[in-house]
Amino acid sequence: MKQVVASLLAVLIMAVIAPSVVLAQNGPLRIEITEGVIEPLPYAVPDFVAESAGARDMAQQIARVVADDLTGSGLFREVPREAHISQITSFGSPVQFADWKAINAQALITGAVSSDGNRVVVKFRVWDVFAGTELGQGMQFAGTADGWRRMAHKVADQVYSRITGESGYFDSRVVFVSESGPKDQRAKRLAVMDYDGANVQYLTGGNALVLAPRFSEDGQRVLYTSYETGMPRVHVLEVGTVQSRILQGQEGVMSFAPRFAPNGQTVVYSLTQGSNTDIWAMDIATGGTRQLTSAPSIETAPSYSPNGSQIVFESDRSGTQQLYVMPASGGEARRISFGQGRYSTPVWSPRGDMIAFTKQNAGRFHIGVMRTDGSEERLLTASFLDEGPTWAPNGRVIMFARETQGAQGSSSLYTVDISGRNLKRVRTPEGASDPSWGPLQ
Amino acid sequence: MRLSAKLTMLMAGLAVSACTNANRFDNGAVDLNAATGNAGGFVAGSASDPSSPAYFQQTIGDRVLFAVDQSTLSPSARATLDGQVQWLLTNADYNGVIEGHADEQGTRAYNLALGARRANAVMEYLIAQGVPANRLRFVSYGKERPIEICSDESCYAKNRRAVTIISAGLTG
């Protein structure tokens, strides 16, 4: 696989760009991401300036990806280019703030692209139009031509971060299961893509059934379940080399539902012995295992807290699937879900403050979030079959799979923000399920 | 002529099956054996030969069905499995892999575990009735391998199943 990370050389503060103006604490150009954010902030992003002959197309495309990222977040609204009064023809020229105020663009993003052979340099500035100042400092990114989308995502992450005060999530990837064929003959392959569905690359061939890939915290490895041996077994795949191997030391009949600990050294997973499924932990280097639950019921879908001290999981020990939290070393578990229906696939948020889950109630499926003690449950979606949430690296957005009903039903990926707004489908070449959102790169 | 004789046998098999499985759950008499057993697998021999895998699949019945979220064997399921026991004891060269399945109403990991419960319930029953444990093993496919693809109970009832796949030779 192309190692894009290596090609993206560095993030350089441009000394040539004028010194920054510190944004006033209560300046107008600020989005506080709270429940109350309903009105997106209007901004303008004209085509970036092509500073070399071959950079023209890329200069336009980068501005479009920046706009897709920002508008797609639901926090920003683009002022259409047709409404622009000023044109940005030179990256260094003064900004005509009055022209941007007139169309109510509160933020303005200007940029320039130059290319020299395969090497591309992208630079940008963010302007607080109504204050008439630059927001933060100009920056530039250098990379190869085929990494242009990543540079665009990095620009958008900077804009998002400067205006919201929180880190972005655009320059990130998602590993998922790509699906083709009808329900009774469905072929599944592991694939990885940019968060927005671009640059899909397949990681397995599709001969063996594969399920539920999970990124490591650094995005370098993927755990997944494969039927390659005829039985479901946990495998680990190095993303850089696309080499995979079965994890040694798995006992029992089947093992599945793996997830990395934050340290990347330990893997938790479900192991089936006889009729019983419990949660186990394995040291990935030594293969040494340890049983964490020992109830006669089904214990599965474990997920670590970001500090690695606790594990949230689902169990039907009460008679129906519910969510429980236990110490990472095993031991007594505390039930946290008490609402109507069945709760499953819990995932701890990267901020540590919430747990996302799947809920089945009254014939419908929901994606929801709750605090880690089970309070403040909030359902974000409802459909025939929503399943398997995964958190954006900044903990503000959740991706999940939605399967449609009936013989022609198929699965697609969707995102929704944690207030339940901005439900969007992620475009993928085929059907898609079991997303796992990797880190900000 | 031979062909028509075979068809008659097959129809007889279906009739027995439909009778056996009638009113197992609310969905009534389902042509269970009308569906292919293990997807795409060839079944050797003629259904008229009582020692053939085809006879096991079509006449004895290679599968049992389960209620929603349950792994308990119903009386009719046990009757089918009693037939499987007799067949396996008579045909000692064959081993069985029991595949457990769930319908699509449930999350992926849970359905894998639920399918395992169902397959294990069948395996334990077969062993309790005398089939040597070393001739049997099980695997769960959860909701990954439905045989019926509509999204209502008529299909779900057939997908909540444990299927005994027999083959000559050693189990893994």
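Are Glu144(B) and Lys188(A) buried or exposed? Both Glu144(B) and Lys188(A) are buried, where buried means under 20% relative accessible area, exposed means over 50%, and partly exposed lies in between (1.4 Å probe, protein chains only). Keep in mind that this is a predicted model, in which local features need pLDDT of at least 70, side-chain atom pairs count only at pLDDT 80 or more, and totals for chains, interfaces and linings use all residues. Residues are numbered from 1 along each chain as its sequence is written, chains are lettered from A and ligands numbered from 1 in the order in which they are written, and side-chain values use heavy atoms, with hydrogens and water left out.

**Where the two chains meet**

- The contact (heavy atoms within 4.5 Å) takes 38 residues from chain A and 28 residues from chain B.
- The size of an interface is often given as the accessible area lost when the parts come together.
- Here, the area buried between chain A and chain B is about 2,800 Å², and carbon and sulfur atoms give 58% of that; buried area is the accessible area (1.4 Å probe) that two parts lose on being put together, summed over both.
- Lys183(A), Asp184(A) and Ile298(A) supply 18% of the area that chain A buries against chain B, more than any other three residues.
- Across this interface the rule finds 14 residue pairs in polar contact, both residues at pLDDT 80 or more. A polar contact is a pair of N or O atoms within 3.5 Å; within protein, one must be able to donate a hydrogen and the other to accept it, and residues adjacent in sequence count only if both atoms are side-chain atoms.
- By class, the side of chain A that touches chain B has 14 nonpolar, 15 polar and nine charged residues. Ala, Val, Leu, Ile, Met, Phe, Trp, Tyr, Cys and Pro count as nonpolar, Asp, Glu, Lys and Arg as charged, and the others, Gly among them, as polar.

**Salt bridges**

- The structure holds 26 salt bridges over all chains, each being a side-chain nitrogen of Lys or Arg within 4 Å of a carboxyl oxygen of Asp or Glu.
- Six salt bridges are found across the interface of chain A and chain B; in one of them, Lys143(B) pairs with Glu387(A), with the closest N and O atoms 2.7 Å apart.
- Our opening pair, Glu144(B) and Lys188(A), also meets in a salt bridge (2.7 Å, N to O). Glu144(B) lies in the loop between strand 3 (136-142) and helix 5 (153-159) of chain B and Lys188(A) in strand 10 of chain A, so the pair joins two chains. Helices (H or I, at least four residues) and strands (E, at least two) are DSSP runs, numbered from the N terminus.
- Within chain A, Glu403(A) and Arg186(A) form a salt bridge (3.0 Å, N to O), and this pair links parts of the chain 217 residues apart. Glu403(A) is buried at 15% relative accessible area, and Arg186(A) is buried at 11%.

**Aromatic rings**

- A search of the whole structure finds 17 aromatic pairs over all chains. Rings of Phe, Tyr and Trp (its six-membered ring) pair if their centres lie within 6.5 Å; planes under 30 degrees apart count as stacked, over 60 as edge-to-face and the rest as tilted.
- The rings of Phe76(A) and Tyr160(A) have centres 6.4 Å apart and planes at 50°, so this pair is tilted.
- Phe76(A) is buried at 2% relative accessible area, and Tyr160(A) is buried at 1%.
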